[in-house]
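Hello,

Here is the structure I promised to hand over. Please look through it first; my notes follow below.

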Amino acid sequence: MQVQIVESLRAAILVIDRERLIRTTNPAADEILGVNARDVGSPVDETSLLRRFPALARAIADVAEGGDALTLEGERIAGFDEHLVDVLVTPFGDEVSAGGVRGVLVVADDVSDAIATKSRLIQTERLAAIGRMAAHVTHEVRNPLSSIGLNVDMLGDEIHEAGPEGKRLLESIQRELERLESITEEYLRLARLPEPSLTPQDLAEFLNDVAEFVRREMDAAGVELRLDLAAQLPAVAMDEPQFRQALLNLLRNAREAMPEGGVVKLEATRYDDGVRIQVHDEGPGIDEEERKHVFDMFYTTKERGTGLGLPLTQQIVIAHSGKIACKARHPHGTTFEIWLPDLDSLLARISSAPPPPTTKTTAWRVG
Ligand SMILES: Nc1ncnc2c1ncn2[C@@H]1O[C@H](COP(=O)(O)OP(=O)(O)OP(=O)(O)O)[C@@H](O)[C@H]1O
Ligand SMILES: [Mg+2]
């Protein structure tokens, strides 16, 4: 009975004896900690776990040497599939070895999804607040902007006798005005993004189509676009124009990251009950600190960027019940990854979902 309970627990269980040998593991330990039944009887130090999770190594050493039980919260375990975990490390058994060392029980709970959901909610709330404020500012700026533009045009007609210096000044005013107009337009597109109207799509056909569409601009920039689609991609539900926009933003960023040319890979494969679409580039990559900000509104490192491409993309992906993440590649380059539920799992989710709330915080309206 006891064995069955341990086997079926969602939390990972790991018992280490006072010789630092692994005594017990359960199936969840394999999934979360990467330690399994084959490791039972071997020294814990010979597994890769302690190297991938140094905070756990310190906690185990502490408790084994007589320290109190310890908890670690929201810690990251490095590995193929990175997990965030809450961990309890506590003494196990009464026997103490001659050197005063005790056995240790480790219980680890995978909290990756819970943390991701929480941070997505915070991000959505923040976007909504910034959105309302910026919508107001855009509204205030748009009208005077167009009348300035009109007046500058008229002024140009009036002063055609002005020397080259006058013309140059006027042209530079016009250029900046055009840039401001395109920013407000881009912003309005984001602010007025309607709820997506989802229809079933053949994903492979859609991706081929998008690839064809961007191939010309990629070629012109000396960038080779490679498409790698798994053979059996499931049908998904999407708002085609919106999702195309989302993907184009990622592909354009990838191209812009390689001004000297290179390879952009667009990949799609089945993943869990959905599909994973990845855009890889060979650009300089994004360091960890910067990666935290790439989805922030107006965050840009480009002279002529608006910093609205990725927030818009994220907004679209979330509205499709999907997820998006930015990953570093080694030794350089960046991967943006979108996960979308397949049609079946989306339908199952919708039919079991509670009724939607009556107030919406994500839609922004511009007067
Ligand atoms: N593939 C990438 N490689 C390196 N950095 C990137 C990549 N994609 C995005 N970034 C970084 O994230 C920032 C924000 O990207 P985002 O698409 O939101 O705006 P932008 O590209 O700067 O402007 P816009 O999309 O309006 O042209 C970029 O300025 C850049 O610093
Ligand atoms: Mg961009």
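**Overall shape**

The protein chain has a radius of gyration of 27 Å, whereas a compact globule of 367 residues would have one near 21 Å. That radius is taken over C-alpha atoms, and the globule rule is 2.2 Å times the number of residues to the power 0.38. Along its principal axes, the C-alpha trace spans about 100 × 45 × 45 Å.

This is a predicted model: local features need pLDDT of at least 70, side-chain atom pairs count only at pLDDT 80 or more, and totals for chains, interfaces and linings use all residues. Residues are numbered from 1 along each chain as its sequence is written, while chains are lettered from A and ligands numbered from 1 in the order in which they are written.

The chain holds eleven helices and twelve strands. Both are DSSP runs numbered from the N terminus: helices are H or I with at least four residues, strands are E with at least two. Buried residues make up 26% of the 367. Buried means 20 or more other C-beta atoms within 10 Å of the residue's own, with C-beta atoms placed from the backbone.

**Domains**

The assignment gives domain 1 (2-110), domain 2 (117-192) and domain 3 (195-367). Such bounds come from an automatic or database domain assignment. The C-alpha centres of domain 2 and domain 3 lie 27 Å apart. Their contact takes 19 residues from domain 2 and 14 residues from domain 3. Two residues are in contact if their C-beta atoms, placed from the backbone, lie within 7 Å. On the domain 2 side, helix 5 gives the most, with twelve residues.

**Helix 10 and what follows**

Helix 10 (residues 309-319) is mostly covered, with nine of its eleven residues buried. Among them are L310, P311, L312 and I316. The buried residues pack against helix 5 (112-158), helix 6 (164-191), helix 8 (240-256), strand 11 (323-328) and strand 12 (334-341). One of these partners, helix 8, has 17 residues and reaches 24 Å from its first C-alpha to its last. Its buried residues include F243, L247 and L251.

Just after helix 10, S321 takes a positive phi of about 60°. Then comes a hairpin of strand 11 and strand 12, with five residues between the strands. The two strands pair in the antiparallel sense over six bridges. Pairing requires at least two bridges found by DSSP. K323 stands opposite W339 in strand 12. In the hairpin, G333 takes a positive phi near 100°.

Best wishes

Technical notes. Buried ≥ 20, exposed ≤ 12 C-beta atoms within 10 Å, placed from the backbone. Expected span 1.5 Å × (residues − 1).
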